Amino acid sequence: MIYVDETEEKDVSDLDLAFEPKDVQVKIGKDVKEEYTLHEELGRGKFGTVYKCTEKNTGRKLAAKFIVTHRPEDRKDVEREVEIMRMLQMPRLLQLYDAFDNGHNEMCLILELIEGGELFERVISDDFCLTEKACSIFVRQICEGVEYMHSKNILHLDMKPENILCVTRTGNQIKIIDFGLARKYEPEKKLQVLFGTPEFVAPEVVNFDKVSYTTDMWSVGVICYVLLSGLSPFMGDSDLETMGNVTKAEYDFDDESFDNISDVAKDFISKLLIKDLTKRMTANESLKHPWLRKGEPKKDTKLDKTKLKRFVIRRRWQKAVNALLALKAMGATI
């Protein structure tokens, strides 16, 4: 049985980056296969396909993310992702190693290889003991990563369970991945976005209002709610209904899943799932909340994972459907 304990958790300042900081510049007109050997496919989605790879000169194991860039705006999106990832050299965040543009219709990002799998997949396994204390440890690490992003004036804007990975299959360290929708944020300018995952986006995204640092923190609140209970607070029967529920920002802790959850954990969530983005906790304030502070007593009662398993299976099915749609969009015959 795998247990997560604060005594095993390293302070973020004591963690090393996966490799030395790199000032990555996109290599235009170069073939990635000249420098890297590609191996098995690791996954695919709307934005591309990821393979395991090895750098020929060093033998370093990495991941190669191939992105189709048929349109000029596709290429600009990838260039923005590279620019943002160059700014985010921190152990809680996925690191960029190299980048290629074949000059035609495909770009490739060489990324740190993370082999621990998705956090939610990990915690629902039969050999993992999920407790409220374990949840607080994971959420604290998520907030550390988000705080660093925000200190660099970057908004992630796609915080969801699939974008939280475990570094290894047995340790308790996590990393935030996928900066494809991330944006530079200038507080004096009005930034509006209309993308994200309906279950996890904030009301201001649905309403196409100005977003801010706390837009990411709403999503952290939803992730925390789901992790503790297995329930999705705003999930409807359709994306339209879900987004309607998000704009109302109405939820509760009435389900029996919350019977054994502490009041301090519920207070943490309540300070994030607030419709007015100016009243939500920032990442920095979240790290000072009693539920996340190290040394504070936390419940270590084993949580029932039945509903969380159902949630993960549903998300897994949705991801498979999205992958099929992505293949069709790229011209594959299914």
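Which residues belong to domain 1, and which to domain 2? The domain assignment of the chain gives 21-112 for domain 1 and 117-298 for domain 2. Colour these two ranges separately before going on. The structure on screen is a predicted model.

**Stop 1: the two domains**

Show both domains together. Their centres, taken over C-alpha atoms, are separated by 27 Å. Now look at where they meet: 16 residues of domain 1 are in contact with 19 residues of domain 2. The area buried between domain 1 and domain 2 is about 1700 Å², and carbon and sulfur atoms give 61% of that area. Select Ile-84, Met-87 and Arg-92, the residues of domain 1 that lose the most area to domain 2. Together they make up 36% of what the domain 1 side buries.

Next, select residues 36-292. UniProt, in an unreviewed entry, places the feature "domain: Protein kinase" on this range. Over these residues the chain is 33% helix and 19% strand. The end C-alpha atoms of the range are 41 Å apart.

**Stop 2: Lys-65**

Select Lys-65, which the unreviewed UniProt entry lists under "binding site". Lys-65 lies in strand S4, residues 61-68. Is Lys-65 buried or exposed? Its relative accessible area is 12%, and a residue under 20% counts as buried, so Lys-65 is buried.

Show the side chains around Lys-65. Leaving aside neighbours within four places in sequence, Lys-65 is in contact with several residues, including Thr-49, Val-50, Met-107, Cys-108 and Asp-178. Glu-81 is also in contact with Lys-65. Draw a distance between these two side chains: they make a polar contact, at 3.3 Å.

**Stop 3: helix H3**

Move to helix H3, residues 132-151. How far apart should the ends of its 20 residues be? At 1.5 Å a residue, the helix should span 28 Å, and its end C-alpha atoms are 28 Å apart, so the two values agree. H3 is mostly covered, with 17 of its 20 residues buried. Go on past the helix to Asn-153, which follows H3 and has a positive phi, near 60°.

**Stop 4**

Most residues other than glycine have a negative phi. The next two selections have positive values.

Select Leu-157, in the loop between strand S7 (154-155) and strand S8 (164-166). Leu-157 is not a glycine, yet its phi is positive, about 70°. Its relative accessible area is 8%, so Leu-157 counts as buried.

Then select Ala-249, in the loop between H6 and helix H7 (263-270). Phi of Ala-249 is also positive, near 55°. With a relative accessible area of 16%, Ala-249 is buried.

**Stop 4: Leu-231**

End at Leu-231, in the loop between helix H5 (213-229) and helix H6 (239-248).

Not counting residues up to four places away in sequence, Leu-231 touches Tyr-225, Val-226, Asp-255, Ser-257 and Lys-307. How far apart are Leu-231 and Glu-81 in space? C-alpha to C-alpha, they are 32 Å apart, and in sequence they are 150 residues apart.

How values were computed. Residues numbered from 1 in each chain as written. Predicted model: local features only at pLDDT ≥ 70, side-chain atom pairs only at ≥ 80, totals over all residues. Heavy atoms only, no water. UniProt positions renumbered as here; feature names shortened; annotations may be inferred. Helix = DSSP H or I, 4+ residues; strand = E, 2+ residues; numbered from the N terminus. Buried < 20%, exposed > 50% of the residue type's maximum accessible area, 1.4 Å probe, protein only. Contact = heavy atoms within 4.5 Å. Polar contact = N/O pair within 3.5 Å; in protein donor to acceptor, adjacent residues only side chain to side chain. Expected span 1.5 Å × (residues − 1). Domains from an automatic or database assignment. Buried area = accessible area lost by both parts, 1.4 Å probe.
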